[in-house]
Amino acid sequence: MIAMVKGTLMEKSEGEAVVMTVGGLGLRVMCSMNTLAALPAAGQECALYTFMNVREDAMELFGFCQKEERDMFKRLTSVSGIGPKSALGVLGSMPLADLRLAILTGDAAALSRAPGIGKKTAQRISLELKDKLAQDALSGAEGLDDAAFAIEPDAPAQDALGEALLALKSLGYTPQEAAAALKGVKGQAETPDELIKLALRHMAQNM
């Protein structure tokens with residue numbers, strides 16, 4: 001499996017980038033709009049993390065500027081009914097952090113803005129990936145102070161708080177920052193998405 005390509009970018013157009021690798025071999029690499037926007041101008045050196053999709057009638061190479069985007073691509077293609085090109089469309093429809101948040105909070109309206117993704121498909125993406133992304137965030141927080149997660153152990157809304165905490169962690173905030181923000185909006189909302197929006201607003205106002 002080809003894990004990465006590095007070489008000179010020969011040309012780029014909507015939906016693909018052609019990279020000339022070592023040895024003079026020209027590879028056609030399919031990319032999301034976010035990766036295309038991050039690539040340098042033609043003629044410059046670049047590197048892409050890649051994923052090869054092998055079918056009976058074709059071999060397709062997909063490229064990503066970040067490992068995290070490639071990981072999300074793999075997650076999306078694991079959803080029933082989502083092929084590689086649909087996954088690229090979802091990736092390119094919003095920043096990666098916003099995509100994680102939309103999945104974690106079940107924001108079907110945001111997900112369905114991707115080309116070819118209807119409301120039912122958007123709901124299925126969130127349903128099938130929500131727990132996996134939450135677990136990824138939790139695994140990334142292993143070894144950190146458990147006190148950061150102890151927001152209100154006996155509260156009925158603990159599940160919502162925990163889910164909101166994981167979502168904020170996946171957006172790049174430390175557990176301590178996320179916990180402090182959620183404490184600042186405690187009692188103002190019950191659902192994870194409402195808690196996340198309030199916490200983000202709270203952090204913005206206190207920066």
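The secondary structure of the chain comes to nine helices and five strands, where helices (H or I, at least four residues) and strands (E, at least two) are DSSP runs numbered from the N terminus. Read along the sequence, these elements follow the pattern β-β-β-α-β-β-α-α-α-α-α-α-α-α. The model is a predicted one, in which local features need pLDDT of at least 70 and side-chain atom pairs count only at pLDDT 80 or more, while totals for chains, interfaces and linings use all residues. Residues are numbered from 1 along each chain as its sequence is written, and side-chain values use heavy atoms, with hydrogens and water left out.

Strand E1 (residues 4-13) runs antiparallel to E2 and is joined to it by six bridges, two strands being counted as paired if DSSP finds at least two bridges between them. Within this pairing, Gly7 has Thr21 of E2 as its bridge partner. The two strands E1 and E2 form a hairpin with two residues between them, and Gly15 in the turn has a positive phi of about 95°.

Strand E2 also pairs with strand E3 (residues 26-31), in the antiparallel sense and over four bridges, and here Ala17 has Val29 in E3 as its bridge partner. Strand E2 (residues 16-21) is mostly covered, with five of its six residues buried; buried means under 20% relative accessible area, exposed over 50%, and partly exposed in between (1.4 Å probe, protein chains only). For the chain of 207 residues, the buried share is 41%.
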